[in-house]
Amino acid sequence: MKKIGLISALIVFATCLWSPTKERVTAAAVSWQTVQVASFYDNKIVTTPDGMAWTIGVMECNDGYNPDKSYTNIRGVRHVQSTAIGEQHALMLNDVGEVYAIGCNKVGQMGMGHIPSYTWHWNAVRIPGMPAVRQIAAEAYMSYALDQMGMIWYWGNDIQYVPKAVEGYTATSISANGNSGFVASMSDGTVWQGSFEDDHSLSMMQLTEYAGISSISSRDGHVLALGRDGTVWEQSYGEDGRQVPGLPTIKAISAGDTFALALDEKDTLWSWRYGEEERPSQVPGLANVVSFFANYGQANAATASGKLYEWHYDDTSKLTPTIVTLPPYEVKFNSLEEFFLKYNVDYTHMEGDTLYFSHLMNQYEIKKGSLTARISNHYDTNVEIYDRDSPIAKYVISRGYFMDRIAGDWIYYLDRVDINKPLEYKRIKKDGTGESLILRGDDKDDYIWLDHIEGDWFYYNHDIDGGQAKLLRKNMQTGKTEVVLSNFDFFPVGPEINFNYATRNSWNMRFQTETTGISSPYFENNKIYYTVSGVLYSSNLDGTGKKRLMKAGQVSFYEKIIFAKDWIYYYTYPGSVYKVKKDGSQPTRIIKNVVSDFFMFDGVMDGWLYYTDSDLYKIRLDGTQKTKLFDVENNLNAVIDSIYNDKFRIKVFSMFSGIKGYYLYESKTKTKKFQPTEIQPIPN
C-alpha cells in the first residue's frame, strides 16, 4: 500500500476574546479521519493520523458485539501502526514492534497469563514475552503475532495463556482462521495451515503446492493467497485452489466468511463471493482506498480523505458502501476557564499561571492559552486535554493512575503499570525527575489512601473494614512507619470534590476563598480532625491530645462535614446543620428541619454557606437569609459542580438514574428563586 501522510482537517472557528468578565468558546470541531481499520461483526477498531487507536461499538465481556456507534479512545498505547479485533478483545501494534491488548482475558486472549478476567480492560496492557513484532491477527478468542524474524506466536481460547512460538517455520504473513487455527505464507512461498487438536497440540499442514505467495488472509475455512506477481488464489474447506479470474494486479487482500476483497495498484477495491462462477467487480463509490477489512457478512474501508465506510453482504442487497458518521472527537477552546466549567477534571493544583491536573489516567501541566479538548469516550462522554495542537499542555506523568496532590516540588500519585500487581504510591518532581516509590499495597486489590504530607511524613491508610480505618504515617527518608490513629471513620474525598485551595484569582473553579476541606481525616495547623462512630474529634499529628468537639449527634459521610476558616460545619441526623469552632467552642445550630433525604454541603464562599437539600440553597453563616437558588423537579437533586467568577455550573441528577444534565447559573449574587425550563444535556 502507498504510505500516506497526516490528513489535515479544515477547522473553521470564530475568534474568541476572553476577559475576566466576558468569555466565549470557539465552536471548532475535528471530524473523523481514519487511516486503518479492522472489524469483527459490528465492532471496529480504527487508527487516526496521530497514531491513536479507537474502538467503535460497545464491546463488553458478556456481549462481544453491538451495533452502537459510540467510540472510545484506547488509553496506554501510542504510535499505533496496525490493529486486530476479536469478539471480546483487540490488539494494537506500535511503531517499535510492541503488542498491546484491551478487552477481556476470560480464556487468555489478552496474553495476560492464566488469570480469567470478566472485567473489561480499557487501558491497553502490553503483552510481554515476544521480540519485536511486525504483524498481528485475531479471531473471536484467539490472538496471533508474527515477529521480525518470521516466527509465529499464538495465545488464547484456553489453549495458551501467554504467547508461545511455533518452532521450525519462517513466515512472511499470518491470518487467523477461526478459533481452531491459523494460516501462514512461508518464506519459500508455500502456504501452511496450523490446527489445534483437542489436547491443545499444534499440527501443521501444507495447503498448496504452488510457490511464490507473498501474503495470506483467511476467514471461516476460506483462504486467500496473494502471489508475488499480483495474482490472487482462493481455496475453501480443503477443496482444490483456483486463481481468481478477472482481477488486475493486486497488492493487498482480505478474506470474509462468504466473500473476498482485493485492492489493486490504483487503490481500487474489488469484491467477489467464493466459488467457481463468481467474478470480481469493483466496489462502487470508493476511490483511493488506504485500508480495508472483510469479516462476517460485512466489510469496512478507509479512503485517503479519512472517511470510513461500511457495507453488508446478503443474498438480495447490492454493495452500497455508506459513510460511518460519528460525532466530533475534538473541540477547540480559547478559554481554559470555560473548558473547566463544561468538563470535569480529577485533581487541580494552581501555582502562578500553571495548573496541574489529572484526567483519564494521565497527568497534565497546562498554562493559560488555547487548548484542545478530546472526547476520549463518547459512550461515557469523558474528555481530556489533548496536546497534539496545543504545545502549552504536556504530560507530567505518562502512566500515573491518579495524581493525588502536589506538595512543594513534588507530585504524589498512585501508579499501576500492571493491573495484576499491587498499586504503588510514588512521587516525582515537577520537572519529571526523581521518581521514587513510597509505598506498595499488599495485593492487587489493596487501595492506598494518602491523607496528608507533613515534612518527610507520609500519612496514609489502606486497612479499611466497613468504613473503619487505621491511620499510619511513614517517614519518606528513613522508612519508619508509625500508627497514628488505631480507629476512625474513613470518608475519602472523591476527585470531584477535591478542592483547589489557592488564593482566589481568575482561575477560581471551586470554592477557594473560605472552604478548606471535606474529609475524615482532615489535617490543618498541626492538627488532625476526624470522626469515630460519627463523633467529631481532633488530635495532634502524632495521635496524642485527642479532644471531642461535639456534644451530641452523629456525623455521617463526607458530604455531611465541611471545614471553612476557623469553623467546622456538620450535618446530624435527623435534619439539622451545626457549626462549631475548631477548638470545640461556640456550637451553634444554623439550619433546622432539613427536608430531603439527600443533603450535601457545596461550599462556603463570601460569607454564604451553599448546600443541597434536594434543591440548591445558600444561607448566611449566622443562619439568616436562607435563599433557594435552583429549584428542581421531584426525585431530582441539584449540586454546584464548578464555579468561575459569577457562573455556577450546576449538576442535576437522580439518585436512581444518574446524571440528567448540567445548567449554567449566570450569577451567584441573585437571590430570586430560579426554575429552569430545560435541563441542558451532558456535554459532548
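A residue is described as buried when its relative accessible area is under 20%. By this criterion, 57% of the 684 residues of the protein are buried in the predicted model. The accessible surface amounts to about 29,200 Å², and carbon and sulfur atoms contribute 48% of this area. In secondary structure, the protein comprises 60 strands and one helix. Among contacts with a separation of 6 or more, 45% are made by residues 24 or more positions apart.

The confidence of the prediction has a mean pLDDT of 76, with 68% of the residues reaching 70 or more.

The pairing of strands is illustrated by an open sheet of four strands, arranged in the order β22-β23-β24-β25 with antiparallel pairing. Strand β22 runs antiparallel to strand β23 (residues 259-264), to which it is joined by five bridges. Within this pairing, Ala252 is placed opposite Leu263 of β23.

A further example is provided by strand β48 (residues 535-540), in which five of the six residues are buried, leaving the strand mostly covered. Strand β48 pairs with strand β47 (residues 527-532) through six bridges in the antiparallel sense. Here Thr531 has Leu536, in β48, as its bridge partner. Strands β47 and β48 form a hairpin with two residues between them, where Ser533 adopts a positive phi near 55°. Strand β48 is also joined by two bridges to strand β49 (residues 547-548), again with the strands running antiparallel. Tyr537 stands opposite Arg548 of β49 in this second pairing. The hairpin of β48 and β49 has six residues between its strands, and Gly543 in the turn shows a positive phi of about 95°.

Contacts between charged side chains were examined next. Side chains of opposite charge can pair when their charged atoms come close. The structure contains 11 salt bridges. In one of them, Lys44 is paired with Glu310, and their closest N and O atoms are 3.0 Å apart. Lys44 belongs to strand β3 (residues 43-47) and Glu310 to strand β28 (residues 308-312); the pair thus links distant parts of the chain, 266 residues apart. Both Lys44 and Glu310 are buried.

A second salt bridge joins the side chains of Arg440 and Glu424, with an N to O distance of 2.9 Å. Because Arg440 lies in strand β40 (residues 436-440) and Glu424 in strand β39 (residues 424-429), the pair ties together parts that are 16 residues apart in sequence. Arg440 counts as partly exposed because its relative accessibility is 43%, whereas Glu424, at 16% relative accessibility, counts as buried.

Glu524 and Lys582 form another salt bridge, in which the closest N and O atoms are 2.3 Å apart. Glu524 lies in strand β46 (residues 522-524) and Lys582 in the loop between β52 (576-581) and β53 (588-592), so this pair ties together parts that are 58 residues apart in sequence. Both Glu524 and Lys582 are buried. Salt bridges with shared partners also join Glu424, Lys426 and Arg440 into one network.

Aromatic side chains form 19 pairs in the structure. The ring centres of Tyr154 and Phe196 are 4.9 Å apart and the ring planes lie at 55°, so this pair is classed as tilted. Since Tyr154 is in strand β12 (residues 152-156) and Phe196 in strand β16 (residues 191-196), the pair ties together parts that are 42 residues apart in sequence. Tyr154 is buried, with a relative accessible area of 4%, and Phe196 is likewise buried, with a relative accessible area of 11%. For Tyr611 and Tyr617, the ring centres are 5.4 Å apart and the planes are at 15°, so this pair is stacked. Both Tyr611 and Tyr617 are buried. These two residues belong to a cluster in which ring pairs link Tyr571, Phe599, Phe601, Tyr611 and Tyr617.

Conventions: Residues are numbered from 1 along each chain as its sequence is written. This is a predicted model: local features need pLDDT of at least 70, side-chain atom pairs count only at pLDDT 80 or more; totals for chains, interfaces and linings use all residues. Side-chain values use heavy atoms; hydrogens and water are left out. Buried means under 20% relative accessible area, exposed over 50%, partly exposed in between (1.4 Å probe, protein chains only). Contact means heavy atoms within 4.5 Å. Accessible areas come from the Shrake-Rupley method with a 1.4 Å probe; for residues, only the protein chains shown count as cover. pLDDT is the predictor's confidence in each residue, from 0 to 100. Two strands pair if DSSP finds at least two bridges between them. A salt bridge is a side-chain nitrogen of Lys or Arg within 4 Å of a carboxyl oxygen of Asp or Glu. Rings of Phe, Tyr and Trp (its six-membered ring) pair if their centres lie within 6.5 Å; planes under 30 degrees apart count as stacked, over 60 as edge-to-face and the rest as tilted.
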